Amino acid sequence: MGSSGAATPEGKKTKITPKAVIYQKYGSRASYEVEEVQEVLQNGCPGLCIPQKGPCHYRCRLNLPELSILSGTFRKKKDAEQAAAEMALQKLGIHPLTHNPNVHDAGEDLVSRVAYLFSNEFLASQHPLSSHFRASLSREGDLCGSVPVSVIAVYDGKIGTLCKVIDPKVESNPCLVISFVLRAAATLPTLVTATEGQLWIRRQNPYPPEVIEPLLVEQSSTLGCVCVEALLIPSSLNEDVKPVTLNVSSSMYYLDVIVQKLGLLDASKILVSRPIGKASSETRLYFVASDLQFVEPSSDLNGKKPDIFEGSMNTRASYLAGQEVYGGAILASIGYRWKAKDLFHEDVFLKLYYRILIYKTPSGPYKLCRESTIAAELPVVFTIKSNWRGTFPREILCTFCRQHRLSEPVFTISRYPVKALSDLSGSQKKLKVTESTEDTGHTNENADNHDDDETVESVSHFRCEVKVLSKLQDLLLQCSPKEFYRKETDCIQNASLKVLSWLSSYFQDFNMPLEKLNSLADELDIKINPQHLFKEFKFCSTMYLNQQRTIEANNCVDGPQATGEHEHSLLRIEGPESGICPSNGSLACICYSACLVTEVGHTKELIESSHEFEFEMGARAVNAHVETAVAQMSVGQSAFFLVDLPSQELILAAANDSATALSLINSNICGLEYCITLLKITEPLEDRMEQALFSPPLSKQRVDYAVEHIKKSGATTLVDFGCGSGSLLESLLDYPTSLRKIVGVDLSLKSLSRAAKVLHSKLSKSLDADMPCKGIQSATLYDGSITVFDSRMCGFDIGTCLEVIEHMEEDQASLFGDLVLSSFRPSVLIVSTPNYEYNVILQKSDLPNHEEAPDGKGQSESCRFRNHDHKFEWTREQFGSWARNLASRHNYSVEFSGVGGSADHEPGFASQIALFKRLPQLDEHLEDGESVHLYNVIWEWSNCKTSKSFD
């Protein structure tokens, strides 16, 4: 896939504010004076002499060499300043939104900026770079006042912006800025000096005493020494990252201390990275510009880029910095900040290093925001906003792009009228997109804040397309989901999650063949541009692949390794069964701990724990080990199990004592032991609504309805299509019936596992006691789709399908009906599904006109589907039409009933039920036919005291 859809850097217009344009043109010669304007309101009370103050407003006067402008009044100071700047630009004939300085103008502005940095005025300012200048004055001998060029390149944003105009490649190669600054300095021989072959600049003439003396007084009042913990990252992957201590005195330049730790004498060769981790952080990498050859400084700012470093590449540091780093590097959180003249510093430990590594992965921001690097996983689906925990997918994707120096992701929202969707489903005509909006970065997700929003949303569905581009606007990947969503924010979050899911797969295996990468992308409606993608993530792949090769090489030589014997360690569940169990869509709240446990010496070290951790079941919001255990528990129970170790980065990012954890990992064969207690379960929205309105709950009323019909039918065999966790089958065991054989079919292995556990417990008791279910001779659970034929489902006396079809697409629901009644042909079939018209009562809201949403999908947020997983919900008329058509085609009669509510009062039953009965035919005979076994037996039981489970 090409990148033809991406804009080229040359054709892109830079959108900058009016104030920024004024600064580019006038610099410090432009001054803003903001004054407060207090409005006096009419008090509306005759005779009241007390003046009533109105809201505070501001206006701004902008003074330029050519003119002076006074703005109108605004509620915010910054708005008044921007308005004054815009008025000035109009007077000057400059258009700010398309102002795009050329290379020549940027070169001149760069020279002016360098000159300003070495002015008396700048030295006394509160700019972080001015603090570096002041600190450099304490250096001794010829180094007094000398500042490394890399410091100027990194700490002054204006310099970086101008250099990007000169050469956009600066974004991917920050060292180019050093070359441009040196060339700019070469045009100012009377102001600054830059020695050939050295990477520092200093002022040609000393600062006057009246400028220096006040600064020296301030510095003497803050004399002292601080010890700052930092990390040394060796270039060789065979060497571990190790702690170092920086002893910094306020009377010395802290970069000189860092240089000594790197084994250098010349601080001019030090290079400083951009912030590592969060943008507001002062955590940076410091490394050496070894064997770097620069082009001769000259006034020409269009020269070639400097030669590349020679030596051993530091893959770990390069990955963190997003640029090539050679030799050892120091990771430290130290430096100067805006409006703070004192040196800022924080200790950096191994835990922070590994958390930074995790933060750069697609799922890392989610793990860290949940404070659970080991147990938590980025969910694979965004169901409803109220069920999501932690940072939302869109913000995670934006964070990922910033961490890897990419452009902000571009979100394009398309709105489709529901009527058009209905026409499409019936006639297969092409949809007409009525409106689309393009959204970049952090704008309000409720993008169209108009008075008629509710009306528009109630008749519209949304799709979201996401593009991820490089800083040079090369297209890396594009996600164009096919799904429609009723809410704009849902389509944005789901599209973002698809991109993150694919990126996670890529980061887990950088050796993945291109064919498989494309296959995974196709499954998620993503198209990738391999050439640009591999280029942007070259440091990621280099680090992880080299690290993997190093680990494999070390494993061949020495060191105990994980054997994998814990992978399927026995799960032990303790505590009485409460009967309150999780299901897909419910929110489980657990208390858990994860400990390193060694086999030799039985040492245990706590790695991660949480007193209350909530997640949505079925969304893969936790790792598979945890979710499998919780799915088999009930509230109040505790589970214990041992698994193999996750990646070393995850463990060390969680461990408070990284050194102890690392020694345990390296010294013994060890595993990770989980202890989990299920604290509570919050049922899905559908269940909560039904339980609040019905007693007994609607789910129990449906089961009771089916049980009564089964008891009266005299049936001996039953199959439950979509049996889930076995609620109907379990209830049948509490009553004496004529049933001898019961079967359940479902696609969810977790639900089938719980069903097997419950059924086995009850049926086993029936062998030794006078239980109602003693007549049951066999029970079987199958893993399979109820829209797929399996000959073992044929010929049952009765079939049930309770609240299942609405989880399918409508065409699949029709396919199921045809398959059951034409091929399986039970004597009786009971089907239940929600009555959409009853949602008005459940949700205490007004029902929209169904003529606007004939398929049930266009409802407003005030009257939504009962469950986020429902693909449709039918009215009584729609359900009746579906059932009657099926019955007439396959020689069945059909009767309608329901539970919850009444057929005699609007809007009918909450759950509508169709009871199909096979009509007799003179020539009817059920042929055995060919055996087709497409379902997998998960569990089976017979009355000969045996029970089998199948993997």
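Strand S19 (residues 587-598) is joined to S20 by 10 bridges, and the two run antiparallel; strands are taken to pair if DSSP finds at least two bridges between them. Within this pairing, Cys589 stands opposite Glu614 in S20. The structure is a predicted model, in which local features need pLDDT of at least 70 and side-chain atom pairs count only at pLDDT 80 or more, whereas totals for chains, interfaces and linings use all residues. Residues are numbered from 1 along each chain as its sequence is written, and side-chain values use heavy atoms, with hydrogens and water left out.

S19 and S20 belong to an open sheet of five strands with antiparallel pairing and the order S18-S21-S22-S19-S20. Its edge strands, each pairing on one side only, are strand S18 (572-574) and strand S20 (604-616). On average, neighbouring strands of this sheet are turned by 20° against each other, direction ignored. Strands (E, at least two residues) and helices (H or I, at least four residues) are DSSP runs numbered from the N terminus.

Helix H21 (residues 624-631) lies across S19, S20, strand S21 (638-643) and strand S22 (670-682), and runs at about 150° to S21. Helix H23 (residues 658-667) also packs on the sheet, where it touches S19, S20 and S22, and its direction makes about 65° with that of S19. Contact means heavy atoms within 4.5 Å; axes are lines fitted to C-alpha atoms, for helices over the stretch in contact, and angles run from 0 to 180 degrees between N-to-C directions.

The structure holds zero disulfides, a disulfide being a pair of cysteine sulfur atoms within 2.5 Å. For Cys227, the nearest cysteine sulfur is that of Cys225, 5.3 Å away. The sulfur of Cys591 is 7.2 Å from the closest cysteine sulfur, in Cys675, which is too far for a bond. Cys591 is partly exposed at 25% relative accessibility (buried means under 20% relative accessible area, exposed over 50%, partly exposed in between; 1.4 Å probe, protein chains only).

Aromatic pairs number 32, where rings of Phe, Tyr and Trp (its six-membered ring) pair if their centres lie within 6.5 Å, and planes under 30 degrees apart count as stacked, over 60 as edge-to-face and the rest as tilted. The rings of Tyr253 and Tyr254 are edge-to-face because their planes lie at 75°, with centres 5.9 Å apart. Tyr253 is buried at 0% relative accessibility, and Tyr254 is buried at 1%. Tyr506 and Phe507 are likewise edge-to-face, at 6.1 Å centre to centre and 85° between the planes.
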